[in-house]
Amino acid sequence: MTVRLDQKTLKEIKKWKDWQFKLSFMHRTLELAKRGKTSPNPMVGAVLVKDGIIIGEGFHSFAGGPHAEVVAFSKAGKKAKGADLYVNLEPCCHQGRTPPCTDAIIKSGVSRVFVGMKDPNKLVNGKGIRRLKAAGIKVSVGILKEECEKLNEGFVKVMKTGLPFVTMKTAISLDGKIATRTGNSQWISGTQARNFVHELRNQNSAILIGTNTILKDNPQLTCRLKKKEGRHPTRIILDRGNKIPLKAKVFSNSKKQQVIYVAGSKLSLKRKKSLVEKNIEIINGKTNKSGFDLKHLMKLLVKKDITSVLIEGGGEINNSALKAGIVDKIYIFISPILIGGKQAPGLIGGVGVSKIAKALSLKNMKVTKMGEDLMVEAIPCLAE
């Protein structure tokens, strides 16, 4: 039996197939973009397509290096004329460390450009798109927009607010404890959860940790991935009492993995000299009633090209960060164990709220099984 479709249906099928092709090419663009280690720049991929076939592709590898579009054009050569270009971020139209990508696009002779999202950078923000359109190039914006924004959430946050994207990570027992009454916490979460944390470290510019966690656990705060080489994020150490031993693991290999020491007001000249000799950068932290002023610290970190921060502290730092309103995302790993004890610390320190109505609400909550643990991902309602 032969089924004949009317012209309207055939057009809808063709339109649907065309859309699926566009989605697949933008997915490829995002895959390429993820390969770059570009902070403080955004991660960008580019794919050139002609007659349904990829003729050139590339990604921005590092800050100051060639942009994704330029790499793709170098591979496609003269074939780029009349092709479609897919990029996850609006092409730049200003002179930075490299020339404007819009000039290279116009020169290439491509006929259409598909852009995942506009660039929130005020130097671009729609100007690149308008420049391409003025040159007679058809531009479509918004394919996989949410995925594109998520990929560069740190860059987007910095451009819009002047603050880095902050993620808070913690592991708890089923009864909400982050350690025993003696301070022991290794390991509450299982192997899969700990591997995921190393992925988080690889994705962030810096890790922030406080005095108590270092004194109790003496962590290295390195990025250890099994299947690939990870990026060791900058280690940010909060030490208001200036009492962390200089032999602590977080101070090791400071030439290979940067350390920023946020000191209290009574930092001795002797200790300062020892830190400087270890190639450790010192910041004199601004304080308030509850400790360091974390919002002020975040502004300082952005000036050092740190666009994303992973907080791996204890209950007190978690409390301070949430009260300061700097947290954009929370990961909580819940292990199927019970620790118990009134003296065992919980997820959030401080005095807590007096009424349930004042409790911090979370939104967009996702729960994922990770080995024997549950991973809860959520966004604090303060971070809007």
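Thr170 is placed in strand 6 of this predicted model. With a relative accessible area of 4%, Thr170 is buried, because it falls under the 20% cut-off. Leaving aside residues up to four places away in sequence, Thr170 touches Ile178, Asn318, Tyr331, Ile332, Phe333 and Leu347.

Strand 7, which spans residues 206–210, is described next. Five of its five residues are buried, so strand 7 is largely enclosed by the rest of the structure. In a regular strand, side chains alternate between the two faces of the sheet. In strand 7, Ala206, Leu208 and Gly210 point one way, while Ile207 and Ile209 point the other way; the residues of both sets are buried. Strand 7 runs parallel to strand 8 (residues 234–239), and five bridges join the two. A parallel pairing also links strand 7 to strand 13 (residues 308–311), here over three bridges. Leu208 takes part in both pairings: its bridge partner in strand 8 is Ile236, and its bridge partner in strand 13 is Ile311.

Strand 7 also contributes to the lining of the largest pocket. The volume of this pocket is about 1,200 Å³. Its lining comprises 49 residues, and those nearest the centre of the pocket are Ile209, Thr213, Glu312, Gly313 and Gly314. At least two lining residues come from each of strand 6 (165–173), helix 7 (191–203), strand 7, helix 8 (211–217), strand 8, strand 12 (291–292) and helix 11 (315–324). Divided by class, the lining of the largest pocket has 16 nonpolar, 21 polar and 12 charged residues.

Rolling a probe the size of a water molecule over the atoms shows where empty space is left. Over the whole structure, the search finds one cavity of 30 Å³ or more. The volume of the largest cavity is about 30 Å³. The residues that line the largest cavity are Val262, Gly285, Lys286, Phe292, Asp293, His296 and Leu297. Three of the residues in this lining are nonpolar, two are polar and two are charged.

Helix 3 covers residues 101–108, and its buried residues are Cys101, Thr102, Ile105 and Ser108. Viewed down the axis of helix 3, these buried residues fall within an arc of 125°, so they line one face of the helix. An α-helix has 3.6 residues a turn, so residues three or four places apart point the same way. The elements covering the buried residues of helix 3 include helix 2 (68–76), strand 3 (84–89), strand 4 (112–117) and helix 4 (127–134). After helix 3 comes Gly109, which has a positive phi, near 85°.

Lys273 belongs to helix 9 (residues 269–277). Between the C-alpha atoms of Lys273 and Asp103 the separation is 50 Å, and the two residues are 170 residues apart along the chain.

Several features of the backbone complete the description. Most residues other than glycine have a negative phi, and most peptide bonds are trans. Asn125 has a positive phi, near 35°, although this residue is not glycine. Asn125 is situated in the loop between strand 4 and helix 4. Its relative accessible area of 40% makes Asn125 partly exposed. A positive phi is also found at Asn364, with a value of about 50°. Asn364 lies within strand 15 (residues 362–370), and this residue is exposed, with a relative accessible area of 52%.

Two cis peptide bonds are also described. Pro40 occurs in the loop between helix 1 (7–33) and strand 1 (45–50). Another cis bond leads from Gln186 to Trp187, with omega near -5°. Trp187 is placed in the loop between strand 6 and helix 7, and both of these elements supply at least two residues to the lining of the largest pocket.

Technical notes
Residues numbered from 1 in each chain as written. Predicted model: local features only at pLDDT ≥ 70, side-chain atom pairs only at ≥ 80, totals over all residues. Heavy atoms only, no water. Helix = DSSP H or I, 4+ residues; strand = E, 2+ residues; numbered from the N terminus. 1 Å grid on protein atoms, 1.4 Å probe; cavity = no way out; pocket = protein on both sides within 12 Å on 5 of 7 lines; lining within 4 Å. Points joined across faces, edges and corners; volume = space filled by probe spheres on them. Nonpolar A, V, L, I, M, F, W, Y, C, P; charged D, E, K, R; others polar. Buried < 20%, exposed > 50% of the residue type's maximum accessible area, 1.4 Å probe, protein only. Arc of directions from axis to C-beta. Contact = heavy atoms within 4.5 Å. Pairing = 2+ DSSP bridges.
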